[in-house]
Amino acid sequence: MALSSFCPTCQRTVFIENDATPVCPVCSSPLLETVKVDGEDQVEGTK
């Protein structure tokens, strides 16, 4: 299951794997609040 988190450095929402270290995959900064993402709600507006 994917996790959604916010990177304060990049100013973007990023998605990481459940067992991944909570760091931004773009800039390696520590991530703020991490929440589980349902598959249907992961990408809004793609239907």
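User: Which strand does Ser-4 lie in?

Analyst: Note that this is a predicted model. The strand that holds Ser-4 covers residues 2-7. That strand is β1.

User: Is Ser-4 buried or exposed?

Analyst: Relative accessibility settles this. The cut-off for buried is under 20%. Ser-4 has 14% relative accessibility, so Ser-4 counts as buried.

User: Leaving aside neighbours within four places in sequence, which residues is Ser-4 in contact with?

Analyst: Contact here requires heavy atoms within 4.5 Å. With neighbours within four places in sequence left aside, the contacts of Ser-4 are Thr-13, Val-14, Phe-15, Glu-33, Thr-34, Val-35 and Val-37.

User: Which residues make up the largest nonpolar core?

Analyst: In soluble globular proteins, nonpolar side chains tend to be buried together. Here the largest nonpolar core has 6 residues. They are Leu-3, Cys-7, Val-14, Ile-16, Cys-24 and Leu-31.

User: Which elements give two or more residues to this core?

Analyst: Leu-3 and Cys-7 are among the core residues, and β1 spans residues 2-7. Val-14 and Ile-16 are also in the core, and β2 spans 12-17. The elements giving two or more residues are β1 and β2.

User: Where does Pro-25 lie, and is Pro-25 buried or exposed?

Analyst: Pro-25 sits in the loop between β2 and β3. The cut-off for exposed is over 50%. At 57% relative accessibility, Pro-25 therefore counts as exposed.

User: What separates the C-alpha atoms of Pro-25 and Cys-7?

Analyst: Along the chain, Pro-25 and Cys-7 are 18 residues apart. Their C-alpha atoms are separated by 9.5 Å.

Technical notes: Residues are numbered from 1 along each chain as its sequence is written. This is a predicted model: local features need pLDDT of at least 70, side-chain atom pairs count only at pLDDT 80 or more; totals for chains, interfaces and linings use all residues. Side-chain values use heavy atoms; hydrogens and water are left out. Helices (H or I, at least four residues) and strands (E, at least two) are DSSP runs, numbered from the N terminus. Buried means under 20% relative accessible area, exposed over 50%, partly exposed in between (1.4 Å probe, protein chains only). A nonpolar core is a set of buried Ala, Val, Leu, Ile, Met, Phe, Trp, Tyr and Cys residues joined through side-chain atoms within 4.5 Å.
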